[in-house]
Amino acid sequence: MHLRIHTKEKPYSCEICSEAFSQNQSLTRHLLTHTKEKPYTCYVCKKAFSTRLSLKTHLRIHTKEKPYSCDICRNQSLTRHLLTHTKEKPYTCYVCKKAFSTRLSLKTHLRIHTKEKPYSCDICSKAFSQGTHLKIHLRTHTKEKPYSCEICSEVFSQNQSLTRHLLTHTKEKPYTCDICSKAFSRGLVMKEHLRTHTKEKPYTCEICNKAFTYRRSMLKHLRTHTKEKPYACDICNKTFSGHYNLKRHLRTHTKERPYACEICNKAWSQRSDMLKHLRTHTKEKPYACEICNKAFSQRSDMLKHLRTHTKERPYACEVCNKAFSQRSGMLKHLRTHTKEKPYACEICNKAFSQRSDMLKHLRTHTKERPYACEVCNKAFSQRSSMLKHLRTHTKERPYACKICSKDFSDVSNLKVHYRTHTKEKPHTCEVCNKAFSLSQNLRRHLRTHTK
């Protein structure tokens, strides 16, 4: 039996998957991974195991027995632990040559290459390559959250989620980018950030071959093909394609605003909104157009701007096929068909088809005027009004008629002017059907009927 270590002979072969073994008992143990049989049961907690050795090891959880001690630091789990001192990695993957300190770590790694997923969820049949991943997944069904923050009592289903959350209290950022010195609270986020420098896109959609910088972005994109929405809200049953989208949506019910600006303490329900706001203080514009070098504070604004060069209109209305350069524009247009008004004022319940219109309306209640003219400090409730006013100082007239080249400071005035060429009269009297090009002319005319 020992000689086979040298000869590499493996005479015992699994009839199910053809994996070969040098010892018969190794084959017997392996077969249990197919049959799922667990003949060895713990007499204390009744947990079942496929091998006697696994049961024996498990029993030490109850007996507190730690028979193996490290001569260097007195730690237990001796054989595996000693490798943390020696840094030895004796187990090498035959596919990619990556080395591991334990046989189990190598076995788990090999499933990346073989695509083997031996652990299956009894509830939804989703399969996993590691037992720990299945255990974590099961909590999406049981809603179990065993990890609690000692500072704010927020609970989590995964230990790493708790670890990440704790950094929001400590503000610790131990990982630094070697290129731009930006600091991060998590090594994985720093690693992902590096790709913004290297332009590496290692994740490819298997349907359309589009490449992505982040795996989560690729998975999210994949659902645009599959139409899968696996995440459901417990309160209103609305479904989402991404877990983060669900988490964000839940705050519309809880009114939670966990992200606060470190300069003015204004709080947001979404981290992305807080970061966007932060740039109003820092004046940072990290996103530059690759064609004209115009810089933007938000990536979404840069991508929207880029389409003014490419003329791309990737968003089409599913009712009339009208195409739009922005998804928001398509969704706004779609509501002209559906008559949907999903945004309601929290004070008077008036409903709007667009969130921006609801927020503008809300300021008629709050009297808030967040947009100030940088020349005379006059404040406005709407940004568009402030920009229109600013042109009274700058004398800028950016809107020109394509027919006669007359220019205007406001787009609405240009639209009215066009009617002098088109002879269009969109405002009609309900009494006598007389038509007018301007709404104020119609209002004047209506008084002739009321006299």
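Hi everyone, let's start in a loop: Ser129 sits between strand 8 and helix 6, where helices (H or I, at least four residues) and strands (E, at least two) are DSSP runs numbered from the N terminus. Before going on, a word on the model: it is predicted, so local features need pLDDT of at least 70 and side-chain atom pairs count only at pLDDT 80 or more, while totals for chains, interfaces and linings use all residues. Residues are numbered from 1 along each chain as its sequence is written, and side-chain values use heavy atoms, with hydrogens and water left out.

Back to Ser129. What does Ser129 touch, not counting residues up to four places away in sequence? The list is Arg111, Glu116, Lys117, Pro118 and Tyr119, with contact meaning heavy atoms within 4.5 Å. Arg271, on the other hand, is 142 residues from Ser129 in sequence, and their C-alpha atoms are 32 Å apart.

Next comes helix 6, residues 131–142. Its 12 residues reach 17 Å from the first C-alpha to the last, close to the expected 16 Å; that expected span is 1.5 Å times one less than the number of residues. Leu134, His137 and Arg139 are the buried residues of helix 6. Buried here means under 20% relative accessible area, exposed means over 50%, and partly exposed lies in between, using a 1.4 Å probe and protein chains only. Covering those buried residues are, among others, strand 7 (119–120), strand 8 (127–128) and strand 9 (147–148). After helix 6 comes Lys143, with a positive phi near 65 degrees.

Now please look at helix 3, residues 52–63. Which residues of helix 3 are buried? They are Leu55, His58 and Leu59. Seen down the axis of helix 3, these fall within an arc of 110 degrees, so they line one face of the helix; the arc is taken from the directions from the helix axis to the C-beta atoms. The buried residues of helix 3 pack against strand 3 (40–41) and strand 4 (48–49), while the face turned away from them carries the exposed residues Leu53 and Lys56. Helix 3 is followed by Lys64, whose phi is positive, near 65 degrees.

Two single residues deserve a stop. Leu27 belongs to helix 2 (residues 24–35) and is buried, at a relative accessible area of 11%. Leaving aside neighbours within four places in sequence, Leu27 is in contact with Tyr12, Ser13, Cys14 and Phe21. Thr102 lies in the loop between strand 6 (99–100) and helix 5 (103–114), and Thr102 is also buried, with a relative accessible area of 11%.

Finally, the whole chain. There are 17 helices and 30 strands. The radius of gyration is 32 Å, well over the 22 Å that the globule rule gives for 451 residues, so the chain is more spread out than a compact globule. That radius is taken over C-alpha atoms, and the rule is 2.2 Å times the number of residues to the power 0.38. Along the principal axes, the C-alpha atoms fill a box of roughly 110 × 45 × 45 Å. Of the 451 residues, 22% count as buried. Among contacts between residues at least 6 apart in sequence, 1% join residues at least 24 apart.
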